[in-house]
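Work through the exercises below with the model open. Each task is followed by its solution.

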Amino acid sequence: MIDGRKLGPRDIGKLPGEQLTFIDTKQLMPLPAPFDNPDTWPKWQEPKPEWREKYAASLDGVIAIDTFETPKTKEEQDELVRKFLSGVEKMLSNEANKGIIQCLNLSMEYCAKCNTCSNACHIFEASGYNEIYRPTYRAEVLRMIVKKYFTKGGKLMPKFVGADIDLTWEVVARLGESAYRCNLCRRCNQTCPLALDNSLFAKEIRKIFSQEMGIAPKPLFEKGDMLQLKTGSSTGITKAAFLDTIEFLDEDCADLTGYEYVTPIDKKGADILLIHNAGEFMAWPENPTAFTILFNEAGLDWTLSSDMMGYDNVNYGIWHDDLMAKKLAVAQNEAAKKLGVQRIVIAECGHAHKAAAVVADRFYPGKDRVPVQSFLPLLRDLVLKGTYDLDPSRNNFLTTLHDPCNYVRQMGIVKPQRDILNAVMPKGNFHEMEPHGVNNYCCGGGSGFAIMNSMNFTYFRNSVSSRKKLQQVLNAFGEASADPNIIKYITAPCSNCKGAFRDLLEAWHMEDYNFHYGGLVELVVNAMTKFETPFLEFLRDE
Amino acid sequence: MILTIFCWLALILFFGLSLWKAKQFASLPMHGRQDLYPIPLESSEKHAYGGSYMEEDRWFEKEHKHNNVAMVIDMLGEMLFIKKLFVNQNKFWWISYALHLGIYAALAWTVLLFVGAFAGMESAFGSIVYVLVTIAGVVAGVLMTLGTIGLIVKRLTVLEFKNYTTPQEMFNLFFLLAVAVTGLLTFLLNGCNFTYGYAITYAMTRFQALSEVCAGSLYPVANTGILYLHIILLGLVMIYIPLCKMSHYVGKYFTFHNVIWDNRPNLPGSKVEATIIKESSIAPAPGKNWSAPHYQPAPAPTDEAK
């Protein structure tokens with residue numbers, strides 16, 4: 001294995017049949033207390049021999065693509081390379097890739113290799129500066145392949161133009177894995193002096209694998225997109241199960257609060273169709289319940305949909321497959337049209353915000369679209385105009401706010417969540433992370449990582465991709481981080497981010513230090529004077 | 001006369017090829033939204049923290065005004081000072097900025113020489129122009145030389161740059177260095193003045209042979225060998241720039257305006273909607289679409305299934 005800090009893009013094909021580099025646990029970014037001692041860190045999970053045999057573990061020993069069985073015969077290996085190149089050709093096509101070709105051509109052509117983007121990447125920094133995680137690494141490898149096979153310069157003077165790469169099946173396999181070492185958070189894009197997007201290359205490699213080679217991580221494609229198109233939700237919740245769940249949640253809410261709130265379902269012509277990430281119903285049911293309380297208390301004309309494509313706002317297609325993204329977005333829009341609602345309001349899910357409001361925005365003519373907006377400005381206005389009788393002292397603990405990249409950096413929704421937090425938290429209890437807002441760092445679960453738990457991928461997420469966020473959280477709470485007597489709540493208004501925090505807290509045993517995490521709406525309900533019992537479970541336990 | 005024609009050709013090709021490059025990008029289909037905040041086109045209050053119109057309840061019913069003044073200020077900051085590099089990679093900004101400032105000075109020098117070709121050196125206005133030509137020329141030569149040498153040294157010695165730099169990228173830097181050095185040598189070997197520059201633009205605007213102008217009394221140039229070499233290199237680099245990644249002055253317009261700042265929503269009756277409708281016919285030719293199984297049309301039901 002080669003020390004990752006010494007690798008260059010041309011080295012990606014080195015050591016065929018072996019692991020190219022490794023996560024150097026001694027070089028990982030140091031952390032403040034209580035994790036200042038590396039002995040407290042999660043232990044590296046070496047890939048099992050049978051994993052190595054079957055899957056592509058030869059990049060850094062981590063396996064993200066759990067459906068990619070490496071080719072064994074020469075014919076299979078050649079076919080893999082052929083298919084990959086066929087995908088690259090389509091990636092470069094104005095027709096097959098029309099939705100991104102302009103951005104791609106610009107990023108492909110103009111990178112000045114100034115490496116400004118590298119300083120912005122949380123994964124590169126957290127890894128201890130392993131080159132394979134540098135935002136320009138996979139971009140440069142792909143650029144070399146494009147030059148070699150699809151440009152005249154690359155054919156005539158390969159070395160001179162930087163097309164001197166030997167494209168083996170192993171390079172393809174490693175490149176595919178490397179595409180899943182990027183959270184697609186676009187922080188690198190934000191700092192680039194030429195506004196080029198290196199995450200775009202990660203996404204395009206994922207697309208080549210998914211759209212041409214039919215290879216994508218199971219949680220994204222088979223258990224994600226396909227399951228959602230088949231049952232209505234990536235969680236597998238069917239319409240009948242959904243209806244049962246809502247009934248159950250409303251009953252639970254009545255038991256807890258002493259008030260009967262009914263979640264409206266399939267109300268024709270309502271003003272608002274609220275769409276949750278269906279994962280909330282299973283993992284964090286208090287979140288949709290809080291929405292029901294807040295929307296009913298405000299007297300809003302709203303509904304949920306039980307249409308097969310109307311009760312789960314997720315869209316994993318935006319991370320790896322254009323067709324899946326479009327199919328899901330179109331179906332969700334159709335569900336809203338069927339109900340005749342005025343607007344779709346996206347609940348606490350970052351990528352669903354971006355998928356429905358931004359990515360899908362140019363899929364079809366505006367006249368066919370039901371307007372999409374975030375729940376945040378709506379709730380901010382309700383809170384600030386005094387709709388709810390709030391007592392911030394009921395949230396008597398420390399909190400910090402995680403900014404989901406998808407609707408902060410990529411949609412410019414920054415202030416409403418802060419206005420809400422300042423209204424429901426006691427003065428001085430809300431501690432911002434640094435940096436925050438549009439300059440935030442990803443939770444480490446972005447672009448599908450939060451739901452990818454195959455083999456040893458969780459180690460990569462909890463120890464590398466979420467590491468910068470962990471550092472930010474610890475720094476935000478300062479000395480209180482190591483004090484188990486002080487309650488610390490990480491406000492994460494996004495399902496995927498919450499998933500990443502859930503696993504992070506567990507992997508680092510942060511419950512021992514009294515860390516909790518959850519959404520934003522729960523804090524609002526917890527501050528309502530109307531209810532005697534705390535809404536937040538960890539306060540009830542006390 | 002050949003050199004005079006070459007000078008015009010280089011100038012025309014520089015602008016022509018740059019426009020062709022811009023046209024190539026502009027003619028590509030409209031992409032999906034890639035907004036990235038902060039966006040200076042938003043109101044100054046929102047731009048300050050990176051907010052957008054999507055922070056408003058029922059944003060689609062509200063007027064979305066563009067803050068063009070802030071956009072121009074932001075754009076100038078990038079164009080004139082490479083602001084993002086200064087903020088995010090201050091350590092190397094000085095080297096890169098030296099080269100870019102040198103190029104800006106060279107552009108100013110060129111424009112001033114064309115003014116000087118008509119103003120001459122005798123009048124008061126002509127004298128002022130000459131002073132400006134001298135300042136711009138010296139600044140251009142010195143900064144371009146220092147900047148390119150700095151970047152070459154950086155790319156040859158720092159591993160994180162060396163590993164990612166192609167021979168062509170080194171060639172580009174050496175090409176610029178050669179132009180800057182021959183320009184400085186022409187200046188130094190011809191009495192430390194820019195009479196040679198006047199000779200070039202005079203010959204171009206009067207369509208005279210450069211050798212005749214250099215041999216004449218109005219703008220005499222003694223060492224024409226180095227001048228001719230400089231002109232050939234300068235002309236070649238002007239033709240070459242739009243054809244390589246040094247044309248990023250074209251790309252940068254698109255990456256900012258058309259990509260990360262383009263947050264125009266697809267509202268009914270909007271220009272975005274019109275473009276979507278217009279481009280809806282763009283689709284891969286048969287056999288050219290993606291090949292994964294889920295991209296294939298569902299098979300027709302069999303008789304048995306029917």
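**Exercise 1.** Which side chain meets A:Arg343 in a salt bridge?

Solution. First, the ground rules. This is a predicted model, where local features need pLDDT of at least 70 and side-chain atom pairs count only at pLDDT 80 or more, while totals for chains, interfaces and linings use all residues. Residues are numbered from 1 along each chain as its sequence is written, chains are lettered from A and ligands numbered from 1 in the order in which they are written, and side-chain values use heavy atoms, with hydrogens and water left out.

Next, the criterion: a side-chain nitrogen of Lys or Arg within 4 Å of a carboxyl oxygen of Asp or Glu. The partner is B:Asp57, at 2.8 Å from N to O. The count between chain A and chain B is seven salt bridges.

**Exercise 2.** Is helix 22 of chain A largely enclosed or largely open?

Solution. Helices are DSSP runs (H or I, at least four residues), numbered from the N terminus. Buried means under 20% relative accessible area (1.4 Å probe, protein chains only). Ten of the 13 residues of helix 22 of chain A are buried, so the helix is largely enclosed by the rest of the structure. Among them are A:Phe501, A:Leu504 and A:Leu505.

Note on methods
Buried means under 20% relative accessible area, exposed over 50%, partly exposed in between (1.4 Å probe, protein chains only). Helices (H or I, at least four residues) and strands (E, at least two) are DSSP runs, numbered from the N terminus.
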